[in-house]
Amino acid sequence: MDPEQFCSGFRYKRDRTSIMKTGKSEVVAKAAQKLSWFLVLPLVLILAFFLILPLVTIGIVSFWDYNEWNFFPAFIFDNYHYVFTSHVTLATYLKTLKFTVLTWFFCVTIGFTVAYFLAFHVRSLKWQIALFLLCTIPFWTSNIIRMISWIPFLGRNGIANSILLEMGIIEAPLEWLLFSDFAVVLAFVHLYALFMVVPIFNTMMRIDKSLIEAAHDAGASGFQILTNIIIPLTKPGIMIGSIFVITLVMGDFITVRFMSGGQSASVGRIISNEIALLQYPAAAANAVVLLSVVIFMVAIMLRFVDIRKEL
Amino acid sequence: MMEKRSQSFYFLAFFFIVFVLFLYGPVLTIGILSFQGPKGGLTFPMNGVSLHWFYDLFEEQAVGDFWGAFRRSFILGLMVMVTTVILSVMGGLAFRNKFNGSNFLFYLVISSLVIPSILISLGVGLIFNILDFEVHWSTSGFGAQLTWTLPFGLLIMFAVFNRFDSAYEEAARDLGASWWQTIRYVVLPIIAPSLIGVALFGFTLSYDEFARTLLTSGSRNTLPLEIFGMTTNVTTPVLYALGTMTTIFSLLIILTFLLITYVFGQRNRRQTSDAGKAIL
């Protein structure tokens with residue numbers, strides 16, 4: 001897209017009226033700038049008050065002190081000291097990372113396979129759109145409900161256990177299906193696989209089909225086409241999906257709490273527990289550490305993809 | 001390309017079907033179980049079939065303030081939807097040319113998307129606490145949700161404007177249209193179908209949002225908060241009935257938006273159908 005095109009209208013109008021003036025392009029550029037700023041102003045204000053200011057506040061409050069019923073201004077490092085010396089912290093981060101890596105792995109595998117099927121094996125655009133919509137509809141329904149809906153499936157007397165018992169694969173109902181780490185990862189994959197399907201499908205649809213035909217004509221096998229053409233060209237989509245999945249899982253507290261029956265920890269849960277206990281400065285310190293970790297991870301992933309090009 | 005289906009097609013098709021079952025299976029299960037008989041439990045077998053648990057939804061004691069929560073979520077969803085659509089279009093227009101700080105703002109929008117929701121919730125809650133403002137779903141909750149819906153709306157608008165043929169605008173301007181006339185009579189009608197997509201995102205993301213409203217909605221819960229509260233103390237299929245009701249509502253909303261898109265598409269096709277015929 002040529003940014004110049006946008007303001008060409010102004011230039012054109014001005015060209016007629018101020019044709020003799022010098023430095024007119026500067027004036028035009030300034031007018032376009034002003035207009036752009038005017039248009040994004042509400043957005044800037046909202047992000048300033050509901051994104052930047054909250055994060056700054058968290059940063060400040062992380063140095064504050066608190067007692068059982070209140071928190072107040074101070075400048076202490078106790079909150080951070082506790083975060084970095086508590087043996088819980090490391091264990092929790094490892095646990096959260098475990099959830100993240102497992103969820104990411106399954107989401108990439110499923111997301112890539114599903115997108116690949118839709119983009120390269122479904123032949124009519126109509127069917128592609130219909131099946132794609134079928135995959136995205138659950139995304140627009142409630143996450144909480146989608147979590148709850150695993151209860152009759154995984155419970156002690158749930159469908160999974162009944163089927164396995166009936167088939168004689170197990171002799172007693174499995175206890176670890178619901179309220180376990182297994183259930184947490186399953187729910188994550190269930191909730192977030194779409195975040196992988198959509199961007200991967202999007203990039204795959206842009207792959208020039210003639211590339212694949214050329215490879216085919218040159219004697220490449222289906223597997224070679226996959227590894228040498230499709231996967232490299234789909235990398236940006238995989239990266240965008242990964243950014244979504246990883247940040248969603250890293251910051252999660254509700255899925256872990258619900259699906260593990262309160263038995264598993266995650267960084268988000270520590271923060272939400274501290275909030276529940278009104279220990280805001282402690283929660284803020286944890287939040288700052290979590291934010292740093294997440295931003296670090298995203299910064300690395302952004303090195304591999306130019307999001308603006310992918311839209 | 002129209003050769004015979006390969007073996008891998010059947011394998012992938014099977015995988016896809018399993019994936020769809022995985023997506024929809026659990027929700028369908030609670031859909032069925034919400035028709036449990038009055039003595040039925042949270043799992044199969046069905047103990048008779050009844051509408052008992054749906055009737056329960058209308059009784060205050062059984063489910064708390066479900067209808068109040070639903071009303072609040074619905075209004076909040078509409079507020080967020082309208083704001084998201086308007087601000088996304090404005091942002092999308094602005095981002096078509098580089099302006100001072102446009103790069104920074106772009107990354108700010110991206111960070112809004114990747115920052116854990118609970119941090120927004122905590123931060124906004126703290127600000128209101130320190131400033132001694134009362135948190136309310138229509139103020140702090142509204143703002144906190146916008147940090148999640150606006151990035152989605154903007155990214156969609158970026159994608160739309162990346163594909164936008166500016167020849168239409170130039171033509172309008174050549175005919176003497178002002179900036180506003182160009183936007184109003186040329187740009188907006190062309191991008192209208194995508195706006196429906198933005199609206200759908202705005203409404204549903206708000207309607208289902210949990211983490212960002214947790215600390216910012218005040219004493220009156222939105223629907224997801226109400227439902228989550230129920231999971232800890234309701235152990236009857238009324239929970240499933242509630243789930244079924246809200247899911248059906250979500251599906252109706254999605255269907256409405258898809259229908260509007262479809263109608264738009266049909267109308268556009270009709271209106272443009274004679275455009276090239278005269279020349280041919």
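## A walk through chains A and B

Start by colouring chain A by domain: domain 1 covers 1–61 and domain 2 covers 78–310, with bounds from an automatic or database domain assignment. Their C-alpha centres lie 37 Å apart.

A word on the model: it is predicted, with local features needing pLDDT of at least 70 and side-chain atom pairs counting only at pLDDT 80 or more, while totals for chains, interfaces and linings use all residues. Residues are numbered from 1 along each chain as its sequence is written, and chains are lettered from A in the order in which they are written.

Next, show both chains. Their contact (C-beta atoms, placed from the backbone, within 7 Å) takes 77 residues from chain A and 74 from chain B. On the chain A side, helix α2 (residues 24–61) gives the most, with 20 residues; helices here are DSSP runs of H or I, at least four residues, numbered from the N terminus.

Now select α9 (181–205) and α11 (222–250) of chain A: their axes, lines fitted to C-alpha atoms over the stretch in contact, come within 7 Å and cross at roughly 160 degrees. So α9(A) runs roughly antiparallel to α11(A), a word for angles over 145 degrees. Show side chains where they touch, including A:Phe188 and A:Tyr192 of α9(A) and A:Phe244 and A:Leu248 of α11(A).

Finally, jump to B:Asp165, in the loop between α7 (137–162) and α8 (167–174) of chain B. Is this residue buried or exposed? B:Asp165 counts as exposed (12 or fewer other C-beta atoms within 10 Å) because it has 8 such neighbours. From there, B:Val187 is 22 residues away in sequence and 9.8 Å away in space, C-alpha to C-alpha.

Note on methods
Helix = DSSP H or I, 4+ residues; strand = E, 2+ residues; numbered from the N terminus. Buried ≥ 20, exposed ≤ 12 C-beta atoms within 10 Å, placed from the backbone. Contact = placed C-beta atoms within 7 Å. Axes fitted to C-alpha atoms, helices over the stretch in contact; angles between N-to-C directions. Parallel < 35°, antiparallel > 145°, perpendicular 65-115°, else oblique.
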